[in-house]
Amino acid sequence: MNDFLKIHSAEIKKLLAKYPKGQERSTVMPLLHLAQRGTGCVTRHDIENIAGILGISSTEIASIVGFYTLYHTEEEKTQYRIQVCTDLACALCGADRFLEELCNKTGIKPGETTPDGLITIEEVPCLAGCDKAPLFQVQGGGVISYHEKQTLESAVRLINQLRDGMPGGEQ
Amino acid sequence: MPKQISLTIDNIAVSAPENTLIIDAAKRAGIDIPVFCYHPSLKPVGMCRVCLVEVGRPIIDRATGAVVTEADDSPKIQFGPKLETACTTPVSDGMVVLVNSEKSKAARNEILEFLLTSHPLDCPVCDKGGECPLQNLTLAYGPGKSRFRFNEKQQLAKNVPLGELIFLDRERCIQCGRCVRYQTEIVDDPVIGFYQRGRSMQIITRSDPGFDSYFSGNTTDICPVGALTSTDFRFGARPWELKSAASLCTHCPVGCNLTIDVRREAKSGGDIAIKRIMPRQNEAVNDIWICDKGRFAHHFADKSNRITKSSIRKRNQLTPASLETVLDLVASKLRSRNRKLVTLVGGRLANEDLYNLKQLTEKLHGSGFLYNDMAGGELTCQMGLTQGTSLSDLKQGSVILVIASDLHEEAPIYWLRVKQAVERGATLIVINPRETRLDKYAAYKITYRYGDEIATINQLMPGKSEPHYPAAKVIQKAQGLIVFVGNEGLGQKSSRAVMESAAQLLINGGFTGKVGSGLVAVWKNANTQGAWEMGFELAGDLQKMIRAADVLLIAGADPVGDRPELQEAMQSARFSVVLELAPTATTNLAHVVIPVQAFSEREGTYTSAERRVQIFYPAIGVKDDVLPDYKIAALLAERLGISLPGESARQVFEHMSGHITGFKGLSYQALCEMPDQWPVAGGKNKYFGGTASANHQGVGVQLVLNPHSSRIQSTGGKVKGQTAYDEKKLWAVPVTRLYDQGNTLLHTKLLEKRMVACEMRIHPDTAALYGVQTGPVLLSFGKAAQQGNCVLDETTPLGFVLVHRSSGIPINEVTAVTLSGVNKSNQSIGNRNK
Amino acid sequence: MSEMLLLRHRQFPEIGTLDGYLKLSGFKPFKKVVSENNPVAVIDEVKESGLRGRGGAGFPTGVKWSFLPGDITPHYVVANADESEPGTFKDREIMESNPYQFLEGLMIACFAVKATLGYVYLRGEFWQIAEHLEQCMAELRKQGYLGKKLFNTSYELDLHTHLGAGAYICGEESALLESLEGRLGQPRLRPPYPAVFGLFGKPTVINNVETLTNVPLIIEKGAGWYQNYGTPKSTGVKIFSLSGNVNKPGNYELPLGTTFRELIYTHGGGLKPGRKVKAILPGGASSIVIKSSDKALDTPMDYESVAGLGSALGSASVIVVDDSVNMLWVSKKIINFFRHESCGKCTPCREGTYWMDQILNRTKTSKISAKDTALLKDVALQMRGKCLCPLGEFSTMAVVSSIEQFPEDFRS
């Protein structure tokens with residue numbers, strides 16, 4: 001029973017309509033984003049469902065999940081990912097120190113998740129916000145939002161807001 | 001005719017047709033350019049970069065279009081700023097390729113260095129060592145020392161089962177992609193793929209079971225390193241310890257060419273043991289591929305599973321006796337006057353065995369029969385593939401018709417060859433009651449209800465002005481028509497009718513004797529076709545036949561195993577002699593059992609369903625006094641004053657070619673002729689085509705069409721059909737699954753998990769109607785009842801239950817059945833049949 | 001510069017709405033070209049303007065459009081909004097604040113190559129921007145600028161967004177197409193080129209967002225007008241994304257030919273007190289590093305002049321490194337980026353970026369042995385000329401040029 005198809009049938013139809021007939025495969029990435037929106041990760045079940053909708057194998061879908069860094073599997077599941085850019089331009093403006101301090105404050109190392117399973121802090125490559133360093137994006141709650149020109153204080157405040165169940169908006 | 005291009009490769013003048021890749025042009029000219037990701041059967045991808053070579057082209061004056069020349073009038077050659085991959089660059093006129101220049105060799109050295117940075121130094125424990133392209137190329141072109149630090153090596157999992165048949169070592173993988181591309185491009189089973197990117201790229205499988213493909217073993221041949229190994233062979237032996245024998249697969253009538261690799265070892269008590277089966281290249285039959293059943297299911301021939309001594313039943317127990325004693329006893333039974341000899345043969349037997357048994361039977365005025373579920377073989381003798389017809393030649397204009405066969409299950413390599421024919425432009429028409437894996441390649445798919453085979457085929461006969469199916473027009477216009485007939489839902493009678501219809505289709509369409517045409521029956525065994533060629537006819541009423549015989553001689557058949565209802569008749573047989581490899585239900589009831597040699601222990605020939613006769617040679621020795629069937633027949637004959645050839649298989653073959661019409665003029669020499677084959681597989685250059693074996697032993701010969709006593713006449717397109725199956729009843733339909741529980745698959749532990757056992761497939765609606773669900777069910781038919789496992793399958797037609805042949809449910813024809821659920825205490829909940 | 005051509009929202013914030021854009025004579029060019037129905041003329045105009053690709057390659061845009069064969073259809077246009085080159089953030093600002101000018105450029109491009117379907121491929125992180133563009137496209141459909149029988153002609157056009165999912169390599173045009181088709185974002189073999197065998201196997205034009213944003217004004221005001229900006233061989237304006245050790249990082253729209261000095265000091269607010277420019281990376285992480293000097297600072301930022309310095313302008317993502325920074329540290333950052341982003345398809349890039357990363361990470365300090373420096377350079381040079389796509393080649397540029405020009409930073 002393809003419950004993914006049932007729950008999102010209207011949206012899936014809209015996505016399929018974006019591409020010419022015979023090119024349904026193009027919807028793989030949008031469907032994976034859709035699946036991830038709900039639970040914050042792409043489950044094995046999602047992969048099978050999408051494979052069923054598009055008529056391609058689960059292995060091919062899993063292959064795509066593995067290639068792109070924004071897709072996360074069940075094993076990598078977490079509530080909110082605080083993805084801090086530490087690439088060259090941001091690093092020239094102190095992003096490395098910002099990350100270190102943020103991690104110290106939160107009590108975890110980059111790549112780790114807080115014990116309550118809510119917050120993961122990650123180092124990521126350039127987010128195209130080099131003029132507003134330090135910055136990070138928050139992936140979680142079905143959205144990706146940018147938080148630029150951050151200070152340690154503003155970042156910690158945001159994390160607390162997330163903890164309190166409030167979705168992080170643009171600042 | 002494609003245009004011929006002239007170029008030079010390492011100063012050697014080479015001529016190649018337009019669009020040839022440099023790599024292939026070089027290979028044909030005898031120059032080996034190293035490759036990893038390139039494989040001549042796959043589309044080039046230019047990923048590994050090891051085939052980088054210097055490529056220079058003549059300079060063309062933009063204004064005049066003329067070639068710019070040097071002082072001596074030779075064309076001025078400009079080499080590109082970068083090296084180019086030979087596997088992706090097509091040849092062009094005047095091109096200059098430098099394969100072994102300093103620059104090219106330096107690039108090769110550097111690419112090899114890159115590959116070796118994280119590639120583990122596993123050679124001492126790696127199965128590929130000794131036949132490893134990476135090893136060979138490193139020695140030839142690679143760096144002698146590593147500049148990479150050991151502790152910085154990428155560490156990855158080393159013993160990952162991709163399913164239980166194939167193991168993956170992620171550290172050894174060099175990300176050439178051959179395995180993934182093979183699965184996607186050639187066999188359409190994209191069940192392995194890459195995961196993650198950059199240095200972390202690794203192979204995964206997400207199918208259930210893992211690496212769910214009937215062709216998975218072939219990836220271990222084309223993997224250029226020891227990343228993919230088969231569970232069957234890994235840690236088994238070193239390639240240089242192996243001796244090879246040319247053989248043939250015995251599992252189905254395709255006749256794939258094999259190499260059996262053996263080694264004498266202490267582990268087997270000093271015996272020579274089979275270590276692995278590899279494909280042997282035959283571009284007319286199986287290219288360089290074999291299916292996993294052929295590759296892994298050879299353990300039925302293991303000595304430990306076999307009958308080793310002749311025996312005589314004394315006081316209801318089989319007691320060992322010498323072969324002489326046994327043969328004397330049998331001869332004595334045959335000597336008495338008016339004794340009725342009935343010989344029953346199976347498709348396991350080689351042509352030589354069949355010939356001698358037929359001769360013996362005839363000379364003793366007995367009756368010889370073929371034990372087979374499918375009829376119509378005499379039609380294939382007359383209407384089989386016209387000599388010169390090869391599936392590899394089919395292209396635009398050829399039409400292939402597949403009737404009542406799920407080729408992927410019945411003969412996977414036929415499925416592959418038909419698919420490849422379609423990809424070259426042939427038109428495919430599939431006629432089947434349900435979905436098959438061939439459907440997506442079919443231009444036309446005609447679905448009929450089990451029982452309506454004849455009516456459906458009749459609709460395709462030529463001469464109809466307004467044919468019901470557009471496919472009929474396609475058949476009319478075909479340059480050649482090949483018809484495959486399988487045994488999907490067919491028994492003896494129904495298969496005969498279907499075969500007749502198929503033959504009529506060919507006759508009425510004017511395809512008789514045309515190259516690119518003919519009838520191919522997908523028999524159950526490797527040499528069923530051979531039995532038909534020898535003149536054996538189908539055994540009809542087996543019970544009657546068994547009871548009527550004074551001496552019943554059974555060779556290569558297990559009728560009681562397939563049909564338990566024959567137990568009583570067999571028990572009451574007056575005197576039965578069974579020639580067999582291993583204990584079966586039939587040998588358990590025989591008066592005399594004589595062990596015979598397996599295919600791996602002897603020489604002989606098989607005739608494939610395409611009517612190609614090929615030789616197989618012994619790979620291992622025999623113990624005790626186990627002889628081949630033809631020899632036993634000759635020894636028996638001798639005792640009865642009949643002279644039959646028996647010194648060697650070749651001797652019998654030579655007799656055959658003198659006496660059997662279809663074999664006239666054939667000789668071993670003809671069977672052993674070797675044409676040039678492309679791609680070049682195996683041999684010294686293992687990186688080009690993979691480790692599949694080169695074929696030096698011959699590709700066999702197709703028989704001429706063999707008219708039997710009565711030539712088939714056209715019936716004007718009318719064949720008597722069957723009555724339709726009552727829609728108010730439930731019908732069990734026998735179908736084939738590759739991994740069943742047949743005698744030749746037993747003892748292959750490796751495939752146990754994939755073998756189907758007592759499985760019944762029912763559409764969910766049918767299940768609901770009969771009140772059953774997934775899980776144990778009881779199938780009742782006639783006086784018998786069988787418990788099995790119900791699996792809901794939406795592709796099963798309504799009103800039918802699919803049961804698999806040779807998997808524990810003894811249903812061999814479409815049979816009316818009833819279904820009932822089974823409660824926890826395993827009692828039938830009663831007949832819910834509505 | 002007085003009037004912005006691309007970042008017009010800085011002068012007219014209302015340009016971000018369709019009404020606002022229309023009031024500023026938006027979509028007049030598109031309507032004009034569709035009504036006049038002379039696609040060849042459009043291509044010629046863009047050719048003559050000298051507009052070059054703003055994504056980094058600098059290929060003449062009009063010439064690219066003219067490559068599509070007429071006998072293979074349909075045609076497609078894809079806007080490359082993958083913007084993942086470190087130091088680049090210009091396309092983002094355009095799409096966030098002046099989306100309709102960009103979309104109009106895309107639509108004119110579609111008309112010029114006779115495409116009826118256009119896609120905007122955005123990097124996955126630009127999720128919000130994609131939603132925004134989808135809304136803009138919906139507006140355009142509502143107002144009759146997208147759809148069938150546009151302006152009572154037979155021309156029909158529709159646009160869609162497609163979101164990536166975090167792979168820099170998908171900015172490479174053939175990898176972008178693979179990704180759009182639902183496959184791994186790994187570059188294709190070329191030939192055949194996208195102009196002949198592109199999206200779904202059909203002739204396709206792939207243009208950068210900024211490139212397309214120039215197009216409506218070129219059509220409206222003419223190629224000659226556009227040639228007034230910039231230099232003869234590098235015409236027009238460029239958005240320079242300035243970042244790094246400057247006081248005012250940001251996007252600066254300036255004519256091509258503006259000097260580095262002007263960008264960094266006049267617009268970028270110069271460096272921190274007491275600091276000098278040490279090195280300039282003009283094209284983000286893929287740059288050949290420019291060692292700072294008066295000559296370098298006074299070099300005009302156009303494709304030819306920067307090439308004359310032995311570097312390349314690329315996407316004009318100018319990262320300024322001051323003299324407090326060690327170039328070894330810079331190399332570590334850059335190689336770490338490329339190792340993460342290598343798609344893995346070809347051996348030299350897959351193994352080479354990993355190897356260089358390992359060498360650079362042996363010391364967590366700013367020291368490196370002479371042996372390792374030599375090895376690092378060797379590995380980088382070994383990768384050159386062998387990779388399947390430019391990513392592998394470009395990954396070696398910064399590290400080699402740093403070792404050559406700043407040997408004092410590579411010491412034990």
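This is a predicted model: local features need pLDDT of at least 70, side-chain atom pairs count only at pLDDT 80 or more; totals for chains, interfaces and linings use all residues.

1. Let me begin with chain A. Its secondary structure consists of eight helices and four strands, and from the N terminus the order is α-α-α-α-α-β-α-α-β-β-β-α. The C-alpha trace spans about 50 × 30 × 25 Å along its principal axes. Of the 171 residues in chain A, 57% are buried. Among the contacts in chain A that join residues at least 6 apart in sequence, 57% are between residues at least 24 apart.

2. Nine residues of domain 2 and six residues of domain 5 take part in the contact between them.

3. The largest holds about 170 Å³ and has 17 lining residues, with Thr220(B), Thr229(B), Ser230(B), Phe233(B) and Arg276(B) nearest its centre. Four elements of chain B each give two or more residues to that lining: helix H5 (218–222), strand E11 (228–230), strand E14 (272–279) and helix H6 (292–296). By class, the lining has eight charged, five nonpolar and four polar residues.

4. What is the lining of the second largest cavity like, by class? Twelve of its residues are nonpolar, two are polar and one is charged. This cavity holds about 90 Å³. Its lining numbers 15 residues, and those nearest the centre are Cys173(B), Cys176(B), Cys179(B), Cys223(B) and Ala227(B).

5. Is Asp221(B) buried or exposed? Asp221(B) counts as buried because its relative accessibility is 3%, and the cut-off for buried is under 20%. This aspartate sits in helix H5 of chain B, one of the elements named above for the lining of the largest cavity. Beyond its neighbours up to four places away in sequence, Asp221(B) touches Lys128(B), Met278(B), Pro279(B), Arg295(B), Gly690(B), Thr691(B) and Ala692(B).

6. In soluble globular proteins, nonpolar side chains tend to be buried together. Here the largest nonpolar core has 383 residues, and Phe484(B) and Trp65(C) touch the most other members. Helix H6 (residues 99–112) of chain C is the top contributor, giving ten residues. A separate core of 22 residues includes Leu254(C), Leu263(C), Leu271(C) and Val306(C).

7. Trp65(C) deserves a view of its own. Setting aside neighbours within four places in sequence, Trp65(C) is in contact with Val42(C), Ile43(C), Val46(C), Ala109(C), Ala112(C), Val113(C), Val205(C), Asn207(C), Leu212(C) and Val215(C).

8. Last, which residues of H5(C) are buried? They are Lys90(C), Asp91(C), Arg92(C), Glu93(C), Ile94(C) and Met95(C). That is six of the eight residues in this helix, which covers residues 90–97 of chain C and is mostly covered.

Terms used
Residues are numbered from 1 along each chain as its sequence is written. Chains are lettered from A and ligands numbered from 1 in the order in which they are written. Side-chain values use heavy atoms; hydrogens and water are left out. On a 1 Å grid over the protein atoms alone, a cavity is a set of points where a 1.4 Å probe fits but cannot get out, and a pocket is an open set with protein on both sides within 12 Å along at least five of seven lines; lining residues have an atom within 4 Å of a point. Grid points are joined across faces, edges and corners, and a volume is the space filled by probe spheres set on the points. Ala, Val, Leu, Ile, Met, Phe, Trp, Tyr, Cys and Pro count as nonpolar, Asp, Glu, Lys and Arg as charged, and the others, Gly among them, as polar. A nonpolar core is a set of buried Ala, Val, Leu, Ile, Met, Phe, Trp, Tyr and Cys residues joined through side-chain atoms within 4.5 Å. Buried means under 20% relative accessible area, exposed over 50%, partly exposed in between (1.4 Å probe, protein chains only). Contact means heavy atoms within 4.5 Å.
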